[in-house]
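Me: Let's read the ring contacts in this model. Please take them step by step.
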Amino acid sequence: MSVVYAIKPEEILHEIKLSCQIPTVVENILTRKIIINAAQEVGIKAEAEELQQAADNVRLMSQLKSADATWTWLQKHRLSLDDFEELVYVTVISSKLTEYLFAQKVEAVFVENQLDYTQVVLYEVVFDDEDLAMEMFYAIAEGEITFPEVAHEYIQDTSLRRTGGYKGILNRTDLKPEISAAVFAATPPQIIKPIITSEGVNLIFVEEIIQPELNEMLRSKILNNLFSEWLKEQMEQLEFEIIR
């Protein structure tokens, strides 16, 4: 016979405290209050169509393909329909507040930080031996061997070896400063003279440098960054008290 345990609301709060989640929960509460108050001050409202679209997006992201699945999800998270509507409402006004505050600033931020949005496609092999790295560098430069061949021979990691040392499409911030300076000064396609870092001796092939475009994805990223900074500033100015 299975045992049924009764869990009280105060026990849930106690578990949150024991799990050291109070600061996170408090921050989430304050963030929601800041957004709601700021939206009300500037007259931002959520229209019925916007709420419906946001609700559909929540269901889509949570893979809730039917009414039954949605109801099960709500029960799992102990959410009432009113709670769900509040969640959707905050999502909508947060998005509209972000646009209201920062839509006109996106292009200026993009221009000012254009170098930071430049990306690079590169391949890398990390050696322990500087002399060997230099030997491979000159061998590739003189056409005696290709970079993929070097990668296949000297990379230990199986998945990385199979892709020829492909590191992906990277931003400046993804790279160590000493590597970033050399990589973004390259004229692709170009192999770079080995660079010594804390990881070892890095032999890098720069395939392409991608100049940034202010597309929808980057625009959204800039908006979210600006909004996050604004929320942080608002939070720092707040005084609050947890009522016992």
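**Aromatic pairs**

Reply: The count comes to eight aromatic pairs. Rings of Phe, Tyr and Trp (its six-membered ring) pair if their centres lie within 6.5 Å; planes under 30 degrees apart are stacked, over 60 edge-to-face, the rest tilted. The model is predicted: local features need pLDDT of at least 70, side-chain atom pairs 80 or more, while totals for chains, interfaces and linings use all residues. Residues are numbered from 1 along each chain as its sequence is written, and side-chain values use heavy atoms, without hydrogens and water.

Me: How are the rings of Tyr123 and Tyr166 arranged?

Reply: Their centres are 5.2 Å apart and their planes at 50°, so the pair is tilted. Strands are DSSP runs of E, at least two residues, numbered from the N terminus. Tyr123 lies in strand S1 (residues 119–127) and Tyr166 in strand S2 (residues 166–171), so the pair ties together parts 43 residues apart in sequence.

Me: Is Tyr123 buried or exposed?

Reply: Buried means under 20% relative accessible area, exposed over 50%, partly exposed in between (1.4 Å probe, protein chains only). Tyr123 is buried, at 18%. Tyr166 is partly exposed, at 35%.

Me: What of the rings of Tyr123 and Phe205?

Reply: Their centres are 6.2 Å apart and the planes at 50°, so this pair is tilted. It links Tyr123 in strand S1 with Phe205 in strand S4 (residues 200–210), 82 residues apart. Phe205 is partly exposed, at 23% relative accessibility.

Me: Which residues do ring pairs link into a cluster?

Reply: Tyr123, Phe147, Tyr166 and Phe205.

Terms used
Helix = DSSP H or I, 4+ residues; strand = E, 2+ residues; numbered from the N terminus.
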